[in-house]
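Let's take a walk through this protein together, one region at a time.

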Amino acid sequence: MHQVKLLFILIVSLCFVVDAYSQNLPPEITVTGEQIYCYEAPIPIVTSATITDPDVTDNTLDEIYIQISEGYSLGNDTLTLGGVNPNITASWSITEALLTLTGPATFAEFETAIENVFFETTQTAFTSDRSFSINLGNANFLPSTGHYYFYVADLGITWAQARDAAAAQTYFGLQGYLATLTSQEEAQLAGEQSAGTGWIGASDQEVEGTWKWVTGPEAGIVFYIGAVNGSAPNGEFSFWNCGEPNNFGGNEDYAHITDQSVACPGRIGSWNDLPINSGESDPNNPYYPKGYIVEFGGFPGEPEINLSASSVVIMPRVEAEEQQFCGNEVELTVSANTSNVLWYESPSSATVIHSGFNYTTTLSGTTTFWLEAEENGCGSITRSPLTVFVNDNPSVNDITITQCDDEVIDGITTFVLSDSNDAIINGNSTNFQVQYFIDDTLNLEIVTPTYTNQFNNQLIYVLVTNTTTGCSSIAEVTLFVNITSANSAVLNACDSLNEDGFTVFNLMDANDQLLNGLSTDVQVDGYYESYNNAILDVNAIVPNYTNDLPYNQTVYARLEQNLGCYAIAEIELVVNELPQLLPNEEVFYCLNTFPETITLDGGIINDIPNNYYYQWSNGETTMSIDINQPGVYDVVVTKPDGCSNERRITISASSTATVENVVLEATGNEYIVTVQTSGEGVYQYALDSNLGPFQDSNQFLNVSVGRHTVFIRDIKNNCGITSEDIYAFGYPRFFTPNGDSTNDIWQLKGIAPGNGDLLKVDIYNRYGKLLKTLNSSNDFWDGTYNGTPLPNADYWFIASLETGENLTGHFSLKR
């Protein structure tokens, strides 16, 4: 409770002070002084100070606040009060970089005290000047913005309460608002150098992840989008602590200056996002809000007050960045915030090798100079290095590009300039840019892949630039057109077996013709389908080349001498026709005619056969051969020019038919006759006439009972007709010898013993006992054996023919 009471008294007192200033016109202060700091020597922050007040009766002050407002180096920089100041005491806050001069004292006494305030630092390498704000009020003043800042301690205050409290305050007519920190200087003053942490005027409550300033003159400006890995649009300033903003818990929509105990290294005064009320309820927690920062200034129409003044102490430093040069002659330039720069060879050398901002010298390689900013004989304690990189200009060669003339011999042709890059830059093309120009001023660049010279022996220029160092050199290139004529060549080749006018040529076979009589240093560089390709040395074809125009085509050879084009030569490709032969064929040989022979010939057409050479696969070399064996016979026919063609004759076998079997199938009083044959031929069949009609089927239907002849002919090779006699005989399947004159006897039909080829018919019972023999004198059976009627049963018969064949069957006897 005691701590809270003290904070309350402090807040009331602060508000009283602010309000008191708002009731009267404020005093004004002006200072002069912009001095160069000389290391290890305290220096006054001003050379003069003047304090005035519109009310001449007001000539005393209780306190004056002097703060290092920009460039402060914590732990190195110090402000001290020197001289004799009997009514004024000084108090230094290292955290806030704030020197408080406490009276009461008169304006004059405070003026003397301000002039006796000295700055010194233990820092040795300076990166920025020091700005000082001298404030007659208790607000911090930032010279770069011209604004005033208060930190108001208020434990547990919410963001909305802080926003409203800040807006309710004024400072000598300036409207207060929750601070908007739009630069590193503001962030350092309000965060790192303030009395404590607190709310600032930023929120993403409207759109999650879109942070904007919502107070002060900057209200509505979006300065950050996203979460931890977000970005600041349009170069806006943001200063989030590491890992922030993270929207922890889902409702952290308001910005707060991070407590120094949880700020990341180098991020003192950075920001985090918190809920509107508080991050934690424990006042000892670093995320518990402890106050807010009020900013004054920036609204239009506000009064201009001079309650604060500022001065600068210039910290001597040299701006010296690495410099690159091409070649050994260098012209160095540096800048400094002093009137002079001293140049040394090392950090500790006492010998000054040069003085000034510009230095022209000759260097043999990369060199580091050490520079010291100097003002009126006082130099900086730390020297700044300046490294000068000396890069070699590219090594280039002046060359002559020799090219062959085109088909019009006039000294004008086309060059592919880039093909000469390696020769110009000694083959080292890495990190080099090569540009060709028509003029020596390098204004007319040749940007096309190919270039047609304007006249023979034209001189052009090449700029070679090292893309890493930027250094460049210029080479001269002479374009020489060789108008030498060349030998031509003719290559003959036999057509392929496809006989389409296309075949494979070995273009290298033309080299002897092309190079005949030329110097030994002339070589064939490549072969091309067009003259232009040969000139440009593009789209070369392989030496084993198949012509793409039938029978006759011209291709081109590029001849070179000393890496330049010597001539373009023609190579005529001629495809010789093969012997014209009959197509492959199949011929049939009748095996039944062996050993008779048939004649095969080479098959020449449109020419006289004895103009050719023959080679048969059976070893014979005559125009024709006689054979009597099936097989494959190949013949190679060759013209006198060596071109050969091939023909194949396949001899297939055929023959007359051999009857293997004749099958008869009774269908009532008629028969189905099937003739089974073998042989190499393809057969047709006719019944009872060798003139036909013939049929492909070997089966005859509805054949009447009796003797027939089947004729069989070969249609595969017409090897002949064979014949076979058949007997279609009939017999009753049962008979009834009961004396009723119906079916009383059994006998064969269509053939009788002693008639034609039938000798006899033997009848047997089921046990194989011969019961009756029928012949020409007794051609029927009445169903008795030795005059005794036989019982109902099945009986069998065998009909014997003069040919030696037997016809069999069975029948039934029924009583």
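A residue is called buried here when its relative accessible area is under 20%, exposed when it is over 50%, and partly exposed in between (1.4 Å probe, protein chains only). Helices (H or I, at least four residues) and strands (E, at least two) are DSSP runs, numbered from the N terminus. The model is a predicted one, in which local features need pLDDT of at least 70 and side-chain atom pairs count only at pLDDT 80 or more, while totals for chains, interfaces and linings use all residues. Residues are numbered from 1 along each chain as its sequence is written, and side-chain values use heavy atoms, with hydrogens and water left out.

Let's start with a helix. In H3, which covers residues 159–167, the buried residues are Trp159, Ala160, Ala162 and Ala166. Looking down the axis of H3, you will find these buried residues within an arc of 160°, so they line one face of the helix. The arc is that of the directions from the helix axis to the C-beta atoms. What do the buried residues of H3 pack against? Their partners are strands S14 (174–178), S15 (199–203), S18 (254–257) and S20 (291–296), where contact means heavy atoms within 4.5 Å.

Next, find tyrosine 151, in strand S12 (residues 147–153). With a relative accessible area of 18%, tyrosine 151 is buried. Its side chain takes part in polar contacts, that is, pairs of N or O atoms within 3.5 Å; within protein, one must be able to donate a hydrogen and the other to accept it, and residues adjacent in sequence count only if both atoms are side-chain atoms. A polar atom of the tyrosine 151 side chain lies 2.5 Å from the backbone oxygen of threonine 197, and the side chain of tyrosine 151 also reaches the backbone oxygen of lysine 290, at 3.2 Å. For a sense of scale, tyrosine 151 and threonine 80 are 71 residues apart along the chain, and their C-alpha atoms are separated by 24 Å.

Serine 311 sits in strand S21 (residues 308–314). Is serine 311 buried or exposed? At 3% relative accessibility, serine 311 counts as buried. The side chain of serine 311 reaches the backbone oxygen of isoleucine 45 at 2.9 Å. Leaving out residues up to four places away in sequence, serine 311 touches several others, including Val31, Gly33, Arg130 and Phe132.

Asparagine 544, in strand S42 (residues 544–546), is exposed, with a relative accessible area of 53%. Beyond its neighbours within four places in sequence, asparagine 544 is in contact with Val504, Phe505 and Asn506. Three strands form an open sheet in the order S51-S52-S54, with antiparallel pairing; two strands pair if DSSP finds at least two bridges between them. Strand S51 (658–667) and strand S54 (699–704) are the edges, each pairing on one side only. From one strand to the next, the twist averages 25°; the axes behind such angles are lines fitted to C-alpha atoms, for helices over the stretch in contact, and angles run from 0 to 180 degrees between N-to-C directions. Strand S52 (residues 670–678) pairs with S54 over four bridges, and threonine 674 has glutamine 699 in S54 as its bridge partner.

Let's finish with charged pairs. How many salt bridges does a search of the whole structure find? There are twelve, a salt bridge being a side-chain nitrogen of Lys or Arg within 4 Å of a carboxyl oxygen of Asp or Glu. One joins aspartate 129 to arginine 317, with the closest N and O atoms 2.5 Å apart. This pair links distant parts of the chain, 188 residues apart: aspartate 129 is in the loop between S9 (117–121) and S10 (130–135), and arginine 317 in the loop between S21 and S22 (318–319). Aspartate 129 counts as partly exposed at 24% relative accessibility, whereas arginine 317 counts as buried at 17%.

Another salt bridge brings together the side chains of arginine 383 and glutamate 372 (3.3 Å, N to O). Arginine 383 lies in the loop between S30 (378–379) and S31 (384–391) and glutamate 372 in strand S29 (residues 367–375), so the pair ties together parts eleven residues apart in sequence. Both arginine 383 and glutamate 372 are buried.
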